[in-house]
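Here's a quick briefing to read with the model open beside you.

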Amino acid sequence: MKSCWPLLVVAMLFLPSPVPIGSEPPSDPVSKAKAKLALAGYTELPPVLVVEVDDLPQLSETLRREILSSTAFRIVIQHPHDPAKDRLDPVIYLYRHSQIYRLAEEGSEAGIALLAASIVHELVHDYADEGRAYAVEAGLLEKWALASGMSIDDRMLLAQFALVKKEQSKNAQIRASR
Ligand SMILES: [Zn+2]
């Protein structure tokens with residue numbers, strides 16, 4: 001299961017300003033993930049929007065297909081003439097039908113933690129690449145897997161995901177060094 005695809009790219013001309021698509025009640029998965037992140041020191045987060053593929057008609061068909069296998073993603077807004085002026089949309093998007101979002105929505109503690117870690121992964125992209133983003137995500141999951149207050153099943157699941165993310169971090173570093 002991938003939590004992040006390569007950054008989606010969209011032309012600036014066609015990107016409307018972000019609208020608060022997911023204004024959710026306080027008990028929604030995003031609020032729970034944010035509360036968990038606040039306890040881990042992530043008190044300042046950019047807007048986090050829960051979206052359906054159809055909420056992003058400005059994306060190409062290929063990018064829209066990539067969302068189907070994503071938990072969270074960012075969008076690169078391309079400058080119409082100067083690639084040096086491309087910028088990262090600050091919004092962190094969560095795909096509503098991803099397995100992790102649905103798990104979190106069902107109230108699973110592990111699901112909330114995995115969703116929170118996906119948000120942090122996307123946050124890291126403000127300053128670092130895929131390898132670092134997976135490493136930070138793995139570190140958080142490892143920490144939460146060891147914390148008490150969660151069932152042993154939830155903690156085992158987080159530990160497994162932490163291993164997968166570590167592996168993805170290594171693979172991303174290898175790809176980047178080629
Ligand atoms: Zn990423």
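A crossing of two helices is left-handed if the near helix is turned anticlockwise from the far one by less than a right angle, and right-handed if clockwise. Helices (H or I, at least four residues) and strands (E, at least two) are DSSP runs, numbered from the N terminus. By that handedness rule, H4 and H5 make a right-handed crossing.

This is a predicted model, where local features need pLDDT of at least 70, side-chain atom pairs count only at pLDDT 80 or more, and totals for chains, interfaces and linings use all residues. Residue numbers start from 1 along each chain as its sequence is written.

**Overall layout**

- The protein chain has six helices and six strands, and along the sequence they follow the pattern β-α-β-α-β-β-β-β-α-α-α-α.
- Take the contacts between residues at least 6 apart in sequence: 69% of them join residues at least 24 apart. Two residues are in contact if their C-beta atoms, placed from the backbone, lie within 7 Å.

**The sheet**

- Three strands form an open sheet with mixed pairing, in the order E2-E6-E3; two strands pair if DSSP finds at least two bridges between them.
- The edges are E2 (48-51) and E3 (72-73), each pairing on one side only.
- E2 and E6 (residues 92-95) run parallel and are joined by four bridges. Val 48 has Ile 92 as its bridge partner in E6, and Val 50 has Leu 94.
- E3 and E6 pair in the antiparallel sense over two bridges, and there Phe 73 partners Tyr 93.
- Ile 92 and Leu 94 point one way from E6, Tyr 93 and Tyr 95 point the other way, and all are buried.

**H4 against H5**

- The axes of H4 and H5 (residues 130-146) come within 8 Å and cross at roughly 150°. Axes here are lines fitted to C-alpha atoms, for helices over the stretch in contact, with angles from 0 to 180 degrees between N-to-C directions.
- That angle makes H4 roughly antiparallel to H5 (under 35 degrees counts as roughly parallel, over 145 as roughly antiparallel, 65 to 115 as roughly perpendicular and the rest as oblique).
- The residues making this contact include Ala 117 and Val 120 of H4 and Leu 140 and Trp 144 of H5.
- They divide into ten nonpolar, one polar and two charged. Ala, Val, Leu, Ile, Met, Phe, Trp, Tyr, Cys and Pro count as nonpolar, Asp, Glu, Lys and Arg as charged, and the others, Gly among them, as polar.

**H4 against H6**

- The axes of H4 (residues 109-124) and H6 (residues 152-177) come within 8 Å and cross at roughly 30°, so H4 is roughly parallel to H6.
- This crossing is right-handed.
- Glu 109, Ala 110, Ala 113 and Leu 114 of H4 meet Asp 154, Leu 157, Leu 158 and Phe 161 of H6, a set with six nonpolar, no polar and two charged residues.

**Zooming in on Leu 114**

- Leu 114 lies in H4 and is buried, with 29 other C-beta atoms within 10 Å.
- Leaving out residues up to four places away in sequence, Leu 114 touches Ile 100 and Phe 161.
- Leu 114 and Phe 161 are 47 residues apart along the chain, yet their C-alpha atoms are separated by 8.2 Å.

How values were computed
A residue is buried if 20 or more other C-beta atoms lie within 10 Å of its own, exposed if 12 or fewer, and partly exposed in between; C-beta atoms are placed from the backbone.
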